[in-house]
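Visitor: Please show me the structure. I have some questions about it.

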Amino acid sequence: MSERHIVVLGAGLAGSLMAILLGRAGYEVELCERRADPREDRAPEGRSINLALSTRGLYALERAGVLEPVLALATPMRGRMIHDEQGALTFQPYGPLPEHAIHSVSRAELNRLLIAAADQLENVRIRFEHKCVEVDLERPAVTLEHGPSGEPLVAEADAVIGADGAFSALRSVMQRQERFSFEQAYLDHGYKELTIPPGPGGQHRMEPNALHIWPRGGFMMIALPNLDGSFTCTLFWPFEGPHGFAAVSDERKLRQLFESTFPDALALMPTLIEDYFQNRTGSLVTIRCRPWRCEGKALLLGDSAHAVVPFYGQGANAAFEDCALLADAIERHDGRLEQAFAEFETQRKRHVDALSELALANYVEMRDHTASRWFVFRKKLEQLAHFLLPSWYVPLYTMVTFTRIPYGEARRRAARQARVVRWALGSLGVGLAALILGALVWR
Ligand SMILES: Cc1cc2nc3c(=O)[nH]c(=O)nc-3n(C[C@H](O)[C@H](O)[C@H](O)COP(=O)(O)OP(=O)(O)OC[C@H]3O[C@@H](n4cnc5c(N)ncnc54)[C@H](O)[C@@H]3O)c2cc1C
């Protein structure tokens, strides 16, 4: 191992997992986070978003030796529960097998667990309330600002890994380099967290083992279960327009809109008004950039390299998968970081580009199509084809969510499957038409 000391920026999901993987591989890791230690500050818990963890994320957590405690925090969701405007329910399983489940977990709880696991390693040092304000890519070294005192601190390292999220400080320094490409696109829709509290005795007031969706064409709400019997709901609404955040500006309008569009949910949301007006409206951004690395001295991963919109439930899963792939590459290259970073970027970039497109397309599917009979029929047909020809036909959602087939390959394979199915259906149609015509002529 030639380069031994690594600074990881951001103790979010990717940063803490990367610190665990590097620490376990024997590196000296300095994990720098601008926020205070979230284990001491439990206040934002009720406002934390929930994540759906699936195969890619679970694999990376297992590689880091933390899968079991994470699963103990999670609730399995075996399919989508669709709520129509009258409150009628339809359950759409994710697949026929028990492992076809995704796992709902609070992002804040998961983050606390990963930070605690990193903190247990002797060679991982965590600096909270240290915001990265500058990076010298040549040395490399990072300048940190200590929140309470404002004191600067310079940390030198063999390499800096930027896991500091969609608005990465490391990336903004790399952007000043020549030939750095950067794209940032916001959706016209934002999101807001709401709550369905537990019922009497901590019971869930809806089916706990499902991801609940209220698809309304153009907008939607989802709800994910928590272990304490509550659900974290996320409202995805446009910023503008009659069903938009700007228009719903007082209690009366909010109640009216919920009465007409989410009546069954409204009955379960006693704190709707407070939640809606107190919780901030978040925006949804897609970020693409290139290169992700500066020789063997700096590398971006997770949201800092490729933030995606959340509609495939893959942002954190992809960030975790990044960590496992990078750890593999470092191991393969025997600690030569320049080669490992280069291989990681070359092999990974096109797949997360594919994911960003899939995630955007899935928003339209979730909010506009999941309620339609054609969607339900298509899903059943896909599952039948998968059951009959399991090695040949695998639905795209299954490949993305329940396998580790690289995203771009999953998308290509799904397109090829769709072409063959269209051809088969077309041939069947022509065959049937010929039969009918033959029968008519013969008669
Ligand atoms: C509404 C919503 C729902 C989602 N649902 C899912 C889901 O179901 N499944 C899924 O897989 N993903 C989901 N995601 C995406 C997921 O949350 C992100 O992809 C994931 O958090 C990315 O992890 P990260 O570690 O790269 O970035 P982050 O989690 O953003 O962590 C970055 C860390 O860096 C710190 N930081 C930032 N700047 C600095 C600085 N200058 N110096 C030091 N520290 C800094 C931050 O404080 C933070 O702790 C969802 C996202 C949203 C918004």
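Visitor: Which residues around the ligand come nearest?
Guide: This is a predicted model, where local features need pLDDT of at least 70, side-chain atom pairs count only at pLDDT 80 or more, and totals for chains, interfaces and linings use all residues. Residues are numbered from 1 along each chain as its sequence is written, and side-chain values use heavy atoms, with hydrogens and water left out. A residue is near a molecule if one of its heavy atoms lies within 4 Å of it. Of the 29 residues around the ligand, the nearest are Glu 33, Ala 52, Arg 107, Asp 303 and Ala 316.

Visitor: How many residues of the shell around the ligand are charged?
Guide: Asp, Glu, Lys and Arg count as charged; Ala, Val, Leu, Ile, Met, Phe, Trp, Tyr, Cys and Pro as nonpolar; the others, Gly among them, as polar. The shell has 13 nonpolar and nine polar residues, and the charged ones number seven.

Visitor: What separates an oxygen atom of the ligand from an N or O atom in the side chain of Arg 107?
Guide: A polar contact is a pair of N or O atoms within 3.5 Å. For the side chain of Asn 317, the distance to a ligand oxygen is 3.0 Å. For the side chain of Arg 107, it is 2.7 Å.

Visitor: Why is helix 10 largely enclosed by the rest of the structure?
Guide: Helices are DSSP runs (H or I, at least four residues), numbered from the N terminus. Buried means under 20% relative accessible area, with a 1.4 Å probe and protein chains only. Helix 10 is largely enclosed because its buried residues number 14 of the 18.

Methods: A polar contact is a pair of N or O atoms within 3.5 Å; within protein, one must be able to donate a hydrogen and the other to accept it, and residues adjacent in sequence count only if both atoms are side-chain atoms. Buried means under 20% relative accessible area, exposed over 50%, partly exposed in between (1.4 Å probe, protein chains only). Helices (H or I, at least four residues) and strands (E, at least two) are DSSP runs, numbered from the N terminus.
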